[in-house]
Amino acid sequence: MNDSPRYVQPKKATNFFNESVARLTRLGISVYGSRVLYVRGRKSGEWRSNPVNPLTVDGTRYLVAPRGTTQWVRNLRAADGTGELRIGRRVEPFRATEITDDDKPAVLRAYLKKWKWEVGVFFDGVDAKASEETLRGIAPGYPVFRLEPATVTR
């Protein structure tokens, strides 16, 4: 049995898509709600960036990591959940709290409903119509963070 965290390495097409979305978002053009996440690197302390798809469910904002325990997830954990979401010149400092696996099914369902066209490949056939049990079963492989506004982090 493999106890290492789930991580899906991006393919060249994924990197190209992410770079394109990030470039547009930095220019102030959101691609269906995209933002650029900025978080301090856990080793270097330098700001790192990655395009993300924030999701709002019942008035609460979330970040979901469809590829698992990525570098941005590790950095966000090490930064005590502090980071920024940006679109163009607009900066939204936040504080993130990782939610429990039991709390993830509703968020994963909403995320798949909105973003399956982009991230479905990372969910191995699971979609928004999956049972609560199925979503709870995959929850450990998908880090999810609840976001709250924070003061400036720089």
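How many bridges join strand β5 to strand β6? Select residues 82-87 for β5 and residues 90-98 for β6: 6 bridges join these antiparallel strands. Strands are DSSP runs of E with at least two residues, helices are runs of H or I with at least four, and both are numbered from the N terminus. Two strands pair if DSSP finds at least two bridges between them.

This is a predicted model, in which local features need pLDDT of at least 70 and side-chain atom pairs count only at pLDDT 80 or more, while totals for chains, interfaces and linings use all residues. Residues are numbered from 1 along each chain as its sequence is written, and side-chain values use heavy atoms, without hydrogens and water.

Next, go to the turn: β5 and β6 form a hairpin with 2 residues between them, and G88 there has a positive phi of about 60 degrees.

Now select F94 in β6, which stands opposite G83. On β7, the bridge partner of F94 is P149. Strand β7 (residues 144-149) runs antiparallel to β6, joined by 5 bridges.

Move to R35 in strand β1 (residues 35-40). R35 counts as buried because its relative accessibility is 12%; buried means under 20% relative accessible area, exposed over 50%, and partly exposed in between (1.4 Å probe, protein chains only). Show the side chains of R35 and E92, which make a polar contact at 3.2 Å. A polar contact is a pair of N or O atoms within 3.5 Å; within protein, one must be able to donate a hydrogen and the other to accept it, and residues adjacent in sequence count only if both atoms are side-chain atoms.

Finish at V21 in helix α1 (residues 12-26), buried at 8% relative accessibility.
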